[in-house]
Each structure stands twice: as structure tokens, then as C-alpha cells.
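This briefing is intended for a reader meeting the structure for the first time. Please look through the sequence and the model before reading the points grouped below.

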Amino acid sequence: MLEWNEEFGIKNQHLDGQHKQLLSYVEESYVLLNKPTAEKPLLLKKLASNLIMYAKKHFQDEETYMKHINYIHLEEHKAIHKEIIQGIKETIQNMNNVEESAKKLHIFLKESLLRHILEEDKKIETYRNRIREINEMPYSLEVQTKIFQEVYGIKDSEYHTYVCLCYLKENQVCEALHKLMQEKQSFIRCKICKQPLVALKQDIQENEEAFEKLAKDYFKQF
């Protein structure tokens, strides 16, 4: 399971603490899958009840914060919150097959709640920092790759070489992330030099002047 990382936060201590707790509920739903069938009905109901209660409080606090910073997507975000609560309720309405209900709950939390925290909630910080205007991705290369692998199940075999301003440092970017960055013209910053990672194409690798021009034209923007 994906463990809490400070990069997942939105730089609000209270809300990030709640995000961390919600992530633990996702992990709890995973652990529940391996519990004896006889124990699952009670554990499942308890988990869902605690989760709904906690999520409602968190969503309320988060919506208050978004209103405070005049978040432009507040109404859309609130609608997603309602969908998540309703989705949790629906996954445990039919307890005739407790094994299936446990699986559905875990899949729903992983695909809806977890992705919501990693993507939609992260946009709150993006909005506050206004980094959306220059298409900066909110995670480091290492964390973004781990999200792709563990949350989305993407296992790429092909990698692309990216460079920054760190001397002789090459970064390996998986195919899925490379494609996303190229299509959306977005970028990730190096954690060390704080400059964007740039795809090192074959023609640039073989031409020193072309690389110097790339560095001059690209990095001066930041």
C-alpha cells in the first residue's frame, strides 16, 4: 500500500493530518481482505461507519478552507465529496456476499478516495501557489512514479532520460509519466537543483551545441 508522504499534503497541518488518517482507512480496507470470513461483517460495518463519520468531518473542514482561500472549483469539489460518501454507503448496502463487499469497498476507496486526495485535493495547493499557470506537477519524480505504480497499477518497462541542471545527473522517467508530461506540456522539478526535468532526446545527446541551446532556452523561463 501507498504510505503517507509529506508531498501528498496541501500544506495545511490540520487537513493533512486528516488526509493521513483517511489513507490509513484505505490501508485498513486492504488488511480486511485477509481477515477470516466470519469476522468480516462486523469489521466491515465498523470500518465503513468510522470512515463515513470521519470523511464527513474532513470534507466539511476542507470545504471551509477552500471557501476561505476563494477556491474557484469549490462547488465541483463539494460534489465529489458527496459522491465519495454515497459510494462508500452503496458498497456495503448488500452484505449477502461479505467477501465481495469487502473487495468492492477497498477498490472504491483506492480508486475514488485515494485518487481524490492525491489529485483533486492537491489542486487546492496548486491553486493557492498559482503553479497551475506554468503546468508544474505537484510531486517529485520518485513520488509521482510510485503513485503510478501502486495506485494506478502502471508497470512500464520503457524509460526516458531526463536532465536538469545537476552536474552529470540523469533521471529515468517511465513511459506513462513521459507521455503525460509531453501531452500536457507539464514538468517536474528536480528536488536538488529545483529546476525542471527536460527530456534528453537522441539528437540532443549527440549534439553538444543543441543541448546548450536547450538549456539556455528552457531553463531561463524558470
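With which residue does Glu150 form a salt bridge? The partner of Glu150 is Lys146, and the closest N and O atoms lie 4.0 Å apart; a salt bridge is a side-chain nitrogen of Lys or Arg within 4 Å of a carboxyl oxygen of Asp or Glu.

This is a predicted model, in which local features need pLDDT of at least 70 and side-chain atom pairs count only at pLDDT 80 or more, while totals for chains, interfaces and linings use all residues. Residues are numbered from 1 along each chain as its sequence is written, and side-chain values use heavy atoms, with hydrogens and water left out.

**Salt bridges**

- The structure holds eight salt bridges.
- Glu150 and Lys146 are four residues apart in helix α6, so about one helical turn separates them. Helices (H or I, at least four residues) and strands (E, at least two) are DSSP runs, numbered from the N terminus.
- Glu150 is partly exposed, with a relative accessible area of 28%, and Lys146 is also partly exposed, at 37%. Here buried means under 20% relative accessible area, exposed means over 50%, and partly exposed lies in between (1.4 Å probe, protein chains only).
- Salt bridges that share partners join Lys11, Lys122 and Glu125 into one network.
- Another salt bridge brings together the side chains of Lys40 and Glu99, at 2.6 Å from N to O. This pair links distant parts of the chain, since Lys40 belongs to helix α2 (residues 40-68) and Glu99 to helix α4 (residues 98-120), 59 residues apart.
- Lys40 is buried, with a relative accessible area of 2%, whereas Glu99 counts as partly exposed at 25% relative accessibility.
- Glu75 and Lys78 also meet through their side chains in a salt bridge (3.9 Å, N to O). Both residues lie in helix α3 (residues 74-91), three residues apart, which is about one turn of the helix.
- Glu75 counts as exposed at 52% relative accessibility, and Lys78 as partly exposed at 27%.

**Surroundings of Glu125**

- Glu125 is found in helix α5 (residues 122-129) and counts as buried at 11% relative accessibility.
- The side chains of Glu125 and Lys122 are joined by a polar contact of 2.8 Å. A polar contact is a pair of N or O atoms within 3.5 Å; within protein, one must be able to donate a hydrogen and the other to accept it, and residues adjacent in sequence count only if both atoms are side-chain atoms.
- Leaving aside residues up to four places away in sequence, Glu125 touches Gly9, Ile10 and Lys11. Contact means heavy atoms within 4.5 Å.

**Surroundings of Leu2**

- Leu2 has its place in the segment before α1 (13-32) and is buried, with a relative accessible area of 6%.
- Not counting residues up to four places away in sequence, the residues touched by Leu2 include Phe8, Leu23 and Leu118, together with Lys146 and Glu150.
- Leu2 and Leu114 are 112 residues apart along the chain, and their C-alpha atoms are separated by 9.4 Å.

**The sheet**

- Three strands form an open sheet in the order β2-β1-β3, with antiparallel pairing. Because β2 (170-174) and β3 (198-199) stand at the edges, each with a single partner strand, one side of each is left without a neighbour in the sheet.
- Strand β1 (residues 159-163) pairs with β2 in the antiparallel sense over five bridges; two strands pair if DSSP finds at least two bridges between them.
- Within this pairing, Tyr159 stands opposite Cys174 in β2.

**Helix α7**

- Helix α7 (residues 175-184) lies across β1, β2 and β3 and runs at about 90° to β2. Axes are lines fitted to C-alpha atoms, for helices over the stretch in contact, and angles run from 0 to 180 degrees between N-to-C directions.
- Leu177, His178 and Met181 are buried in α7. They cover an arc of only 100° around the axis, which puts them on the same side of α7; the arc is that of the directions from the helix axis to the C-beta atoms.
- Glu183 and Lys184 are exposed on the other side of α7.
- The cover over the buried residues of α7 includes α6 (141-150), β1, β2 and β3.
- Gln185 follows α7 and has a positive phi, near 50°.
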